[in-house]
Amino acid sequence: VLGDIYTAGDEIARDFIKALAFYEKAASLGSQKGERRANEILAERERLYANAQKSESAGEKFKLYAIASAMGHAKAMKCLAECYEKGIGTDKSSIGAYNFYLESAELGETDALIPLGKCYLNGFGVNRDFKLALAIFKRADKMGDERATAYIFEIRKNKKRKIANRVYSRAMRLIHLGKPSAAVEL
């Protein structure tokens, strides 16, 4: 019944993700109706995603990805994030792109990890956070994404460069203060 309420959206906001969760819970308790309704939602969101992939129209792609995303389709969320990032069928939105990359990754879409890491690395739609970017790239690397290695290397290289610049700066201050031997040690 709760699944039906969330599916209909009459008394509360329509939410297919919550509806699916209730249908799956009912199915796990032996409800054939719950199993049938869960399968209907899964089939419908898969159909929407497939139609979006085939569509030639940017506006139609965006619309179908948005509907499939609202139904909890992780790959559609990643594609919707790309639409926001590139302005496909909608206005460009770094925040929209970031939010859908994050949600997609949280639902287990490994292809969303690299773009999510890049959001943190470049401050795209979110505050720049090198530690979080590195953690995400490491997760992608563990999951077999070969692109992650280059980003991990780049972050570590930049960190070493920053440290070297700080040391050089301190040494130059020591030289200007007339302490060349301390500068050489540093």
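Within helix 9, A148, I152, I155 and A171 are buried, where buried stands for under 20% relative accessible area, exposed for over 50%, and partly exposed for the range in between (1.4 Å probe, protein chains only). The model is a predicted one, in which local features need pLDDT of at least 70 and side-chain atom pairs count only at pLDDT 80 or more, while totals for chains, interfaces and linings use all residues. Residues are numbered from 1 along each chain as its sequence is written, and side-chain values use heavy atoms, with hydrogens and water left out. Helices (H or I, at least four residues) are DSSP runs numbered from the N terminus.

**Helix 9 and its surroundings**
- Helix 9 covers residues 147-176, and its 30 residues reach 44 Å from first to last C-alpha, close to the expected 44 Å, a span taken as 1.5 Å times one less than the number of residues.
- The buried residues of this helix pack against helix 7 (113-122), helix 8 (130-142) and helix 10 (180-185).
- G178, which comes just after helix 9, takes a positive phi of about 80°.

**A buried lysine**
- K61, placed in helix 4 (residues 58-70), is buried yet has no salt bridge, and the nearest side chain of opposite charge, that of E56, is 6.9 Å away; a salt bridge requires a side-chain nitrogen of Lys or Arg within 4 Å of a carboxyl oxygen of Asp or Glu.
- The K61 side chain reaches the backbone oxygen of A52 at 3.0 Å.
- Apart from neighbours within four places in sequence, K61 is in contact (heavy atoms within 4.5 Å) with A52, Q53 and S55.

**Cysteines**
- The structure holds zero disulfides, a disulfide being a pair of cysteine sulfur atoms within 2.5 Å.
- The sulfur of C79 has its closest cysteine sulfur in C83, and because the distance is 7.1 Å, the two are too far apart for a bond.
- C79 counts as buried at 10% relative accessibility, and C83 is buried at 2%.

**Salt bridges**
- The structure holds nine salt bridges, and a network of them links D4, K33, R36, R37 and E40.
- In helix 3 (residues 32-54), E40 and R36 lie four residues apart, about one turn of the helix, and their closest N and O atoms are 3.3 Å apart.
- R47 and E44, three residues apart in helix 3, form a salt bridge at 2.5 Å.
- E82 and K78, both in helix 5 (residues 74-86), meet at 2.4 Å, N to O; E82 is partly exposed at 22%, whereas K78 is buried at 14%.

Methods:
Helices (H or I, at least four residues) and strands (E, at least two) are DSSP runs, numbered from the N terminus. Lys and Arg count as positive and Asp and Glu as negative; His and the chain ends are not counted. A polar contact is a pair of N or O atoms within 3.5 Å; within protein, one must be able to donate a hydrogen and the other to accept it, and residues adjacent in sequence count only if both atoms are side-chain atoms.
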